[in-house]
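This report describes helix packing, a salt bridge and a surface patch. The sequence and structure are shown first.

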Amino acid sequence: MESRYSPAKSVFIDSIDVDDYINLDSSLDAYDQLLHSIEKPLKMILVFGRPGTGKSILLNHLYQNKKHQKDLHYLETPTTNEKEFFQKIFKIITNEDLPRNTQVNFSTLVEYCRGLRGQKEIIILLDEAQMYSKEMMERIRLLSDTRAVKFVVSLHKTENEDLIAKEHFQSRIWEVIELQNGKLADTQNYIHKKLLKKNLFEVANAIKGEHIKRIHKLTKGNYRETNKLLFTIFEIHEYYDQHDPSKIDYDYFSTKIIEMAGIKLGYINV
Amino acid sequence: MYDVEKLEKDWQLYRAKRRIPWIITGTLLPLVVLSVVFREELISIVSAVNNNETVADNSSLKPYVPTMLPGSEQNQTEEDSSTVGAKSSDNERRKNYLKIELTDESLVYDESGEDGDIAALRSVEKNFEQFKRTSDSLYLAREYYKDGDYENAQKWALATNEIDSEIEESWFIFAKSKVSVGRKQEAMEVLSAYISKTNSAKARVLLQKIKKGKF
């Protein structure tokens with residue numbers, strides 16, 4: 001028999017599926033800012049933040065909402081092969097497939113884009129741009145200079161922030177949107193809204209403020225880490241539910257199990 | 001599925017470790033509070049211990065004697081008997097006496113003049129008879145010497161040395177008293193015997209002075 005905690009566990013499987021998008025105050029602000037930025041005559045927009053702060057899901061959310069209103073394209077998975085990458089760009093810009101056994105002539109592509117200026121505005125969302133090589137990023141910059149193509153680039157915020165520091169890139173970034181880990185209220189809303197979205201009211205009610213505090217402290221408000229921790233918490237609940245129900249209280253979350261999950265994931269060092 | 005039972009044991013270990021700072025705080029905090037609340041008592045205990053541990057070097061012995069309040073001799077005697085009486089010679093050897101310096105007005109309680117002095121000496125003599133404390137006998141030797149009563153000074157210095165032959169000052173009082181009554185040779189013999197036993201530098205100096213008549 002399936003445990004009552006199995007659906008709760010599934011809620012927190014980490015994904016960037018737009019159905020999993022949760023409206024939080026902080027994410028709404030970022031979304032509005034991004035929406036406003038793509039309306040401006042900017043060449044490049046940078047979305048950056050630590051892994052797990054919601055960059056990918058934000059871009060996906062924007063794409064799903066605006067793809068029918070704008071010439072918007074989302075390259076979710078970075079293509080490290082330059083030839084393949086520019087084949088995709090070619091198709092986006094020209095709406096045509098590249099003939100077989102041919103490759104993009106980049107200079108011609110740039111000239112073509114200059115010809116489109118004023119007629120079309122193509123917006124390309126590039127996720128995980130830290131995966132692209134320096135040469136590819138340089139060509140992306142050149143395409144953005146044509147003003148026919150606008151790029152929204154999402155990057156991991158590294159310790160050195162070396163990509164942002166590079167001069168040739170820095171001058172092209174006209175707008176920067178930084179995503180940060182959620183505050184305590186964001187973590188609370190995130191967890192409750194995710195559970196309520198799947199009609200798991202009783203499970204949501206069992207998680208009190210003190211539990212949220214503990215979870216927030218362990219994950220530092222990072223959404224990916226929160227997903228991992230909640231998934232593990234419900235996995236342990238599921239185990240006890242099936243093997244030793246006396247160890248869990250259905251009406252009140254267990255701090256012990258939160259800490260056990262923290263130990264399992266390495267947030268707590270025993 | 002990972003080993004939840006092992007995870008539970010790890011959690012118990014984690015919890016136990018988290019309690020350690022609280023246990024330490026819970027142990028130390030009452031001690032700190034008690035030390036603050038009973039600070040005065042602790043200070044007095046420490047100072048009493050320090051006084052007890054004061055061991056006078058033979059060559060720098062400075063005998064101290066208790067002062068006695070008028071009319072309180074009996075009470076003091078009774079108090080002393082309850083605390084010190086039983087310790088007698090062992091305590092004397094450990095120099096377990098009150099540290100109160102004698103001044104020219106040493107008999108602080110002396111409000112009645114000469115009668116008061118005599119009464120005080122009598123009282124100390126009585127104490128000595130009861131408890132045989134060198135502090136009392138030395139006090140008497142010193143007082144009689146100061147008063148010019150050299151016979152009594154000798155007597156009490158001798159009484160002191162009989163109990164504790166290492167009290168240098170009593171030797172000096174004894175020798176000087178001898179000289180003062182004209183028994184210079186006896187004084188030199190006494191000092192020489194003391195010097196041969198202790199090799200005391202101060203005794204040598206006093207002996208030289210006596211020999212040269214500078215005393």
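The model is predicted: local features need pLDDT of at least 70 and side-chain atom pairs count only at pLDDT 80 or more, while totals for chains, interfaces and linings use all residues. Residues are numbered from 1 along each chain as its sequence is written, chains are lettered from A and ligands numbered from 1 in written order, and side-chain values use heavy atoms, without hydrogens and water.

**Helix packing**

Helices are DSSP runs (H or I, at least four residues) numbered from the N terminus.

| Helix pair | Angle | Axis distance |
|---|---|---|
| H11(A) (residues 209–219) and H12(A) | about 125° | 9 Å |
| H12(A) (residues 223–243) and H13(A) (residues 255–265) | about 120° | 9 Å |
| H8(B) (residues 168–180) and H10(B) (residues 201–212) | roughly 5° | within 11 Å |

The crossing of H11(A) and H12(A) is right-handed, the near helix being turned clockwise from the far one by less than a right angle. Ile215(A), Leu218(A) and Thr219(A) of H11(A) make this contact with residues of H12(A), among them Leu229(A) and Ile233(A); contact means heavy atoms within 4.5 Å.

H12(A) and H13(A) are likewise oblique to each other, and their crossing is right-handed. Leu229(A) and Ile233(A) of H12(A) are among the residues in this contact, as are Ile257(A) and Leu265(A) of H13(A).

In chain B, H8(B) and H10(B) are roughly parallel to each other. Glu168(B), Phe172(B), Lys176(B) and Val179(B) of H8(B) meet Lys202(B), Ala203(B), Leu206(B) and Ile210(B) of H10(B).

**Salt bridge and surface patch**

Over all chains, 25 salt bridges are found, each a side-chain nitrogen of Lys or Arg within 4 Å of a carboxyl oxygen of Asp or Glu. One links Glu82(A) and Arg139(A) at 3.1 Å, N to O. Glu82(A) lies in H4(A) and Arg139(A) in H6(A), so the pair ties together parts 57 residues apart in sequence.

Leu29(B), Val33(B), Leu34(B), Val37(B), Phe38(B) and Leu42(B) make a nonpolar surface patch of about 540 Å². Patch residues have over 30% relative accessible area and no salt bridge, with nonpolar side chains joined within 5 Å; areas come from the Shrake-Rupley method with a 1.4 Å probe. Helix H1 (residues 4–37) of chain B gives the largest share, four residues, and Leu29(B) is found in this helix.

Technical notes: Patches are made of residues with over 30% relative accessible area and no salt bridge: like charges are joined within 9 Å, nonpolar side chains (Val, Leu, Ile, Met, Phe, Trp, Tyr) within 5 Å. Helices (H or I, at least four residues) and strands (E, at least two) are DSSP runs, numbered from the N terminus. Axes are lines fitted to C-alpha atoms, for helices over the stretch in contact, and angles run from 0 to 180 degrees between N-to-C directions. Angles under 35 degrees count as roughly parallel, over 145 as roughly antiparallel, 65 to 115 as roughly perpendicular and the rest as oblique.
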